Amino acid sequence: MEEVNYIKHLNGVFEQFSKDSRLNPTHISLYVALFQLWNTNYFKQEFFINRDEVMQYAKIGSKSTYHRCIKELHHWHYIIYTPSHNPFKGSRIKMFDFGTSGGQVVDPRCTHIGTSNGQAVVPINKHIQTLENKKNYSKPRNFKNLDFDGLEERSKLQASVPFEDNLKTTKQKNYNEPL
């Protein structure tokens with residue numbers, strides 16, 4: 001079971017969850033917590049869990065809710081749960097693979113006949129939104145008709161920094177005035 005496709009498994013189990021009306025959010029949260037622990041155990045056939053750790057991952061605050069949900073997940077064949085009554089040894093969990101293969105997921109709706117083994121390539125038609133540069137409204141479109149007379153005087157009048165002399169370092173400085 002060590003060749004589990006993470007995404008395919010989650011897609012498969014969530015599809016199963018959507019069909020099962022018995023489940024509530026606590027069951028799903030508990031399953032996702034168990035799946036995460038299964039992942040950290042490298043998808044071994046069986047692994048051991050610590051109740052407190054699983055409850056913390058699943059955000060379950062009540063031991064009775066935890067035990068009810070884990071037993072129901074076992075009863076509904078989402079997991080195999082073997083409780084341990086030894087406080088030093090965790091309960092044993094066996095997860096089922098809800099993915100069907102180890103290969104890449106191919107959506108049959110994206111291929112012509114639905115039997116392709118390769119990657120389904122789907123064209124994406126996005127509308128390209130262009131924003132007009134508002135700064136360029138003042139620039140003339142036709143460079144032949146530009147008026148270069150007096151360009152230097154106008155550029156000197158329009159300083160790039162609105163207050164060039166922030167520290168008032170001009171020759172008319174009043175040294176009694178604070179900076």
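1. In this predicted model, the largest pocket has a volume of about 280 Å³. Its lining comprises 17 residues, and those closest to the pocket centre are Arg-51, Ser-84, Lys-89, Gly-90 and Ser-91.

2. By class, the lining of the largest pocket contains six nonpolar, seven polar and four charged residues. Two helices, H3 (51-58) and H4 (63-75), each contribute at least two residues to this lining. The largest share, three residues, is supplied by H4.

3. Helix H4 also packs against another helix. Two packed helices are described by the angle between their axes and the distance between the axes. For H2 (residues 25-40) and H4, the axes come within 10 Å and cross at roughly 80°. Angles of 65 to 115 degrees count as roughly perpendicular, and H2 and H4 are therefore roughly perpendicular to each other.

4. Which residues of H2 and H4 meet? On the H2 side they are Thr-26, His-27, Leu-30, Tyr-31 and Leu-34. On the H4 side they are Thr-65, Tyr-66, Arg-68, Cys-69, Ile-70, Glu-72 and Leu-73. The contact of H2 with H4 divides into seven nonpolar, three polar and two charged residues.

5. The aromatic rings deserve a separate remark. Counting rings whose centres lie within 6.5 Å gives eight aromatic pairs. In one of them, the ring centres of Tyr-6 and Phe-35 are 5.0 Å apart and the planes stand at 55°, so the pair is tilted.

Methods. Residues are numbered from 1 along each chain as its sequence is written. This is a predicted model: local features need pLDDT of at least 70, side-chain atom pairs count only at pLDDT 80 or more; totals for chains, interfaces and linings use all residues. Side-chain values use heavy atoms; hydrogens and water are left out. On a 1 Å grid over the protein atoms alone, a cavity is a set of points where a 1.4 Å probe fits but cannot get out, and a pocket is an open set with protein on both sides within 12 Å along at least five of seven lines; lining residues have an atom within 4 Å of a point. Grid points are joined across faces, edges and corners, and a volume is the space filled by probe spheres set on the points. Helices (H or I, at least four residues) and strands (E, at least two) are DSSP runs, numbered from the N terminus. Ala, Val, Leu, Ile, Met, Phe, Trp, Tyr, Cys and Pro count as nonpolar, Asp, Glu, Lys and Arg as charged, and the others, Gly among them, as polar. Axes are lines fitted to C-alpha atoms, for helices over the stretch in contact, and angles run from 0 to 180 degrees between N-to-C directions. Angles under 35 degrees count as roughly parallel, over 145 as roughly antiparallel, 65 to 115 as roughly perpendicular and the rest as oblique. Contact means heavy atoms within 4.5 Å. Rings of Phe, Tyr and Trp (its six-membered ring) pair if their centres lie within 6.5 Å; planes under 30 degrees apart count as stacked, over 60 as edge-to-face and the rest as tilted.
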